[in-house]
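The following exercises concern one protein model.

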Amino acid sequence: MMLSGFLLLLIGFASQTLAQSQPWGQCGGIGWAGATTCTSGWTCVLSSAYYSQCLQSASTSATTTPATSTTTTTVKTTTSSSATATVTGFPASAPTVPPSKLVGQTPALGWNSWNAYGCNINEAKVVAAANQFVSLGLKAAGYQYVNIDDCWPLAARNASSKQIVPDPAKFPDGISGVATQVHALGLKLGIYSDAGTATCAGFPGSLGFESIDAATFSAWGVDYLKYDNCNIPANWSDTGTPQNNDWYNSNSAIRYRQMTAALAAQSRPFQFNLCLWGNYNVWNWGSRVGHSWRLTGDASATWSFITTAITTSVSHSATGFGAHGDMDMMEIGNGALTIQEQRTHFAAWIMLKSPILLGTDLSLLNTTQLAIIKNAELLAFHQDTTVGGPAVPFTPFSSAPTTSPPEYYVGKSSKGTHVFIINTSSAAATKSFTFANAGLGSSGTFSVHDMWAGTDLAGTYAASATFSVTVQPHDTVAYFINVL
Ligand code: GLA
């Protein structure tokens, strides 16, 4: 296709995604700022106060009003969402097993099928992504997990074994066949399930089947589980604040704790991602249950999503080794983000130590985008094995204006001190900081190293001196400070 035609297609796709949510996409819920209507033939369905989703219109009925929008929404009556599941996890007896220490200590680096393909997935697409990890140099850069999202199984479990069954039309070699191919490349495989009776797209959920499913995933060779939060029976939901504000003992946390324990009983170590969209105070208990926990609703390829995710992460940064706030999967390569916005998307996920799961058809990335996601210095900060915590906002000079999200961040690594500056405005702007304000002390001499370019900038500075740089609209500069 001619470049101009391709650009038009991209722009058309972007404006469509802004206006309407895509099939199986999020379309409402507390804290949701994206589209609240669905593309033709799909209906926005209330799953819980926190989550509405675009489902095929035929599977819905009964009209109601969603929690946070005025869009007409229907409630599912034909799926098992209203079913009850046996309550086995009362606080006193619920498992307290922690997540494995063998994996997930630094934030995950990988790819996930959802943002690229939604439900339209198959073995060929997943194996292609794994091969592209190798051919594009992503594996060499540290990317490891190739993750299958929703829609991989048949609608019903095996009647006798009760195991979830991979859809043979999509995965002719089963999940174990995919695992064999992914492992042969020196990579790891991730899969998706749900802590309710059905996944968000209506496939079998794991609530009540945790042991069977964990054993099945382990036998198949799976290394990572993303665990979603759709279709929760009423007796497993949280309607108010739990006693003593103890969210670790909420119904929601206990549903996830059952899976942590089931995974821990397997011979393989699993990395465990909790997908509760930043609800139920998950940042207070997530590290006791999994390696990472979603902070937001579903990502979109928009600047507003990127800034919302940064703001949320900054205010809930309970982050360290084995414990990472998940700002959701990457949109680099999708929609109409500018290159500067894609740089900020990557740099912010890096500096805040979010998992980074690429979310596009990797074969379509251009050299600029590949250079962003393979930047060795930024990835080294993200994967540092000496300092686990994220960069944090700082005041760059006295009486600096405040912005949301903050623009100036300082972070430590095994190498020393790093400064990241986001230009949140839509015009180029001069950004300034003093070395003393970046926590480098009141004496000494410093120079600045550009992490994107891998080069030292000219000039040396005293602690009280002001360093200034022009930052392009929505761009992020990333610096390492040389102590001379
Ligand atoms: C939810 C999750 C998404 C994706 C879909 C799949 O929306 O938040 O990341 O997994 O479900 O249906």
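**Exercise 1.** Determine which elements the buried residues of α6 pack against.

*Solution.* Step 1: the buried residues of α6 (residues 210–220) are Glu210, Asp213, Ala214, Thr216, Phe217, Ser218 and Trp220. Here buried means under 20% relative accessible area, exposed means over 50%, and partly exposed lies in between, for a 1.4 Å probe and protein chains only. Helices (H or I, at least four residues) and strands (E, at least two) are DSSP runs, numbered from the N terminus.

Step 1: the partners of these buried residues are α5, β8, β9 and α7, where contact means heavy atoms within 4.5 Å.

Step 2: just after α6 comes Gly221, with a positive phi of about 95 degrees.

This is a predicted model, in which local features need pLDDT of at least 70 and side-chain atom pairs count only at pLDDT 80 or more, while totals for chains, interfaces and linings use all residues. Residues are numbered from 1 along each chain as its sequence is written, and side-chain values use heavy atoms, with hydrogens and water left out.

**Exercise 2.** State how many helices and strands the chain has, and what share of its residues is buried.

*Solution.* Step 1: the chain contains 13 helices and 22 strands. Step 2: of its 484 residues, 56% are buried. Step 3: among contacts between residues at least 6 apart in sequence, 68% join residues at least 24 apart.

**Exercise 3.** Describe how α3 and α5 pack.

*Solution.* Step 1: two packed helices are described by the angle between their axes and the distance between the axes. Axes are lines fitted to C-alpha atoms, for helices over the stretch in contact, and angles run from 0 to 180 degrees between N-to-C directions.

Step 1: the axes of α3 (residues 123–135) and α5 (residues 174–184) come within 10 Å and cross at roughly 20 degrees. The two helices are therefore roughly parallel to each other; angles under 35 degrees count as roughly parallel, over 145 as roughly antiparallel, 65 to 115 as roughly perpendicular and the rest as oblique.

Step 2: the crossing of α3 and α5 is right-handed. A crossing has this hand if the near helix is turned clockwise from the far one by less than a right angle, and is left-handed if anticlockwise.

Step 3: from α3, Glu123, Val126, Val127 and Ala130 meet Gly174, Val178, Gln181 and Val182 of α5. By class, this contact of α3 with α5 has 5 nonpolar, 2 polar and 1 charged residues. Ala, Val, Leu, Ile, Met, Phe, Trp, Tyr, Cys and Pro count as nonpolar, Asp, Glu, Lys and Arg as charged, and the others, Gly among them, as polar.

**Exercise 4.** Locate the disulfides of the structure.

*Solution.* Step 1: a disulfide is a pair of cysteine sulfur atoms within 2.5 Å, and the structure holds 3 of them.

Step 1: Cys27 and Cys44 form a disulfide with sulfur atoms 2.1 Å apart. Cys27 lies in strand β1 (residues 26–28) and Cys44 in strand β2 (residues 42–48), so the pair ties together parts that are 17 residues apart in sequence. Both Cys27 and Cys44 are buried.

Step 2: Cys119 is joined to Cys151, S to S 1.6 Å. Cys119 is buried at 8% relative accessibility, and Cys151 is buried at 0%.

Step 3: Cys200 and Cys230 form a disulfide, their sulfur atoms 2.1 Å apart. The torsion about their S-S bond is about 95 degrees, so this disulfide is right-handed.
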